Amino acid sequence: MLTILALASVILLGIVPQQSEAIVIYTGWERHALVGSDIRLSCSFFSWRWTSDDVTFSWSYRADGARDSISVFHYTGGSPYVDNKGPFRDRLEFVGNPGRRDGSILLKNLDYGDNGTFTCDAKNPPDIVGRASSVRLLVFEKVPIQAGVITGAIIGAVLGLLVLVVVIYYLMRFLVARRVFNLSVSKHGKKGKGKEGSQQRQ
Amino acid sequence: MLLILLAVLILHLIILVLLFVSTIANAWTVGGTKNTDLWYSCLTTNVGYHCSSASNEDWIQAVQALMVLSVLFCLFSLVFFMCQLFTLVKGGRFFFTAVFQILASLFVMCGAIIYTVMRPDGEKDAAFGFAYILAWVSFPLCLPPLTAMCE
């Protein structure tokens with residue numbers, strides 16, 4: 001029984017590293033942003049190997065409704081190369097740290113035309129087998145405050161404060177009354193003992 | 001003494017009614033066929049009377065909250081007044097009644113000020129409606145009962 005378990009564990013340990021040598025890339029699933037704002041699209045990966053000097057990050061963009069994607073960012077050989085001809089020229093910035101497996105980019109001054117899917121592909125030689133991960137960007141204009149939210153908040157806050165003040169007031173009164181009661185009890189106690197002592201002497 | 005208390009009670013009720021009307025009536029800004037705020041924005045066209053919700057901006061919601069709070073506090077003040085009428089010892093003060101009434105008048109003042117400052121102008125023939133005027137009227141009405149009660 002024990003030998004079978006040992007054999008099984010050895011086989012599993014033998015199989016698993018083969019599969020887990022694939023690189024796993026993490027980006028968000030969906031990102032929401034306001035028109036005109038900046039957004040940071042994060043991309044990081046997990047690899048069983050140490051981060052090599054030849055690590056590469058690659059971002060590509062496919063607009064909503066478009067059929068193919070264009071490459072907008074590439075990091076290789078220790079230097080980043082940002083988009084200087086496409087839709088994100090002068091708007092893209094590399095803010096990641098490849099040494100810490102972070103290949104995030106910063107998109108500035110978003111517009112409605114930036115709605116789409118961004119795909120990050122990272123390679124950590126010799127760990128190059130992996131699946132690229134995509135994050136969907138949604139750009140929308142200012143979300144109006146819902147009716148009644150602020151109204152309810154103000155009313156609730158003031159009434160809550162009122163209840164708190166009332167509770168504290170009654171607590172103070174109760175505590176003060178208790179202290180007065182304790183003092184009077186101790187005074188009566190001393191008086192009673194004094195009377196008893198004088199009676200005994202008599 | 002009894003006369004003063006009766007006068008204070010009647011004044012309390014008048015203030016409460018004014019605050020209720022000011023909060024509920026939808027006539028803070030009127031002009032021609034349109035009357036707006038505090039809760040709806042209504043338009044009279046030749047086919048009928050159409051209302052939509054007032055704008056969701058933060059200042060209108062703050063004014064709504066302050067007006068509702070002032071009505072609530074005026075109500076509390078009235079309740080306390082009735083309670084203290086029957087339970088107060090001779091020479092006592094209507095403390096809680098005065099406090100709640102002060103707070104109610106403060107809230108009305110804040111609400112009316114916020115509305116005055118933040119109302120978007122530039123609309124032709126848009127004037128202040130009667131609900132707005134009632135809000136301003138009820139604010140100084142709170143003061144005489146206070147002096148009567150604090151004596």
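Residues are numbered from 1 along each chain as its sequence is written, and chains are lettered from A and ligands numbered from 1 in the order in which they are written. Because this is a predicted model, local features need pLDDT of at least 70 and side-chain atom pairs count only at pLDDT 80 or more, while totals for chains, interfaces and linings use all residues; side-chain values use heavy atoms, with hydrogens and water left out.

**Stop 1: the six-stranded sheet of chain A**

Select the strands S2, S12, S10, S5, S6 and S7 of chain A. They form an open sheet in the order S2-S12-S10-S5-S6-S7, with mixed pairing. Helices (H or I, at least four residues) and strands (E, at least two) are DSSP runs, numbered from the N terminus; two strands pair if DSSP finds at least two bridges between them. Strand S2 (30–34) and strand S7 (79–82) of chain A are the edges, and each has a single partner strand, so one side of each has no neighbour in the sheet. From one strand to the next the twist averages 20°, where axes are lines fitted to C-alpha atoms, for helices over the stretch in contact, and angles run from 0 to 180 degrees between N-to-C directions.

Within this sheet, go to strand S10 (residues 116–123) and strand S12 (residues 133–140) of chain A, an antiparallel pair with five bridges. A:Thr119 has A:Ser134 in S12(A) as its bridge partner.

Then select strand S6 (residues 70–76) of chain A together with S7(A): four bridges join these antiparallel strands. A:Phe73 is opposite A:Val82 in S7(A). The hairpin of S6(A) and S7(A) has two residues between the strands, and in this hairpin A:Gly77 has a positive phi near 60°.

**Stop 2**

Show the side chains of A:Arg136 and A:Asp64. They form a salt bridge, with the closest N and O atoms 3.1 Å apart. The term means a side-chain nitrogen of Lys or Arg within 4 Å of a carboxyl oxygen of Asp or Glu. This pair links distant parts of the chain: A:Arg136 is in strand S12 of chain A and A:Asp64 is in the loop between strand S5 (56–63) and S6 of chain A, 72 residues apart. Over all chains, the search finds five salt bridges.

**Stop 2: the three-stranded sheet of chain A**

Select S4, S1 and S11 of chain A, which make an open sheet in the order S4-S1-S11, again with mixed pairing. Strand S4 (43–46) and strand S11 (130–131) are at the edges with a single partner strand each, so one side of each lacks a neighbour in the sheet. Strand S1 (residues 23–27) of chain A runs antiparallel to S4(A), and four bridges join them. One bridge to look at pairs A:Thr27 with A:Cys43 in S4(A).

**Stop 3: two backbone details in loops of chain A**

Most residues other than glycine have a negative phi, and most peptide bonds are trans. Zoom to A:Pro125 and A:Pro126: the peptide bond from A:Pro125 to A:Pro126 is cis, with omega near 0°. A:Pro126 lies in the loop between S10 and S11 of chain A. Next, A:Asp90 has a positive phi, near 65°, and is in the loop between S7 and strand S8 (92–94) of chain A.

**Stop 4: the hairpins of chain B**

Move to strand S2 (residues 34–36) and strand S3 (residues 40–44) of chain B, which run antiparallel and are joined by three bridges. B:Lys34 has B:Leu43 in S3(B) as its bridge partner. Three residues lie between the strands of this hairpin, in which B:Asp37 has a positive phi near 60°.

S3(B) is also joined to strand S4 (residues 49–53) of chain B, antiparallel, by five bridges. B:Ser41 is opposite B:Ser52 in S4(B). The hairpin of S3(B) and S4(B) has four residues between the strands.

**Stop 5: the interface**

Show both chains. Select B:Asn56, B:Gln61 and B:Leu69, which supply 41% of the area that chain B buries against chain A, more than any other three residues.

Technical notes
Buried area = accessible area lost by both parts, 1.4 Å probe.
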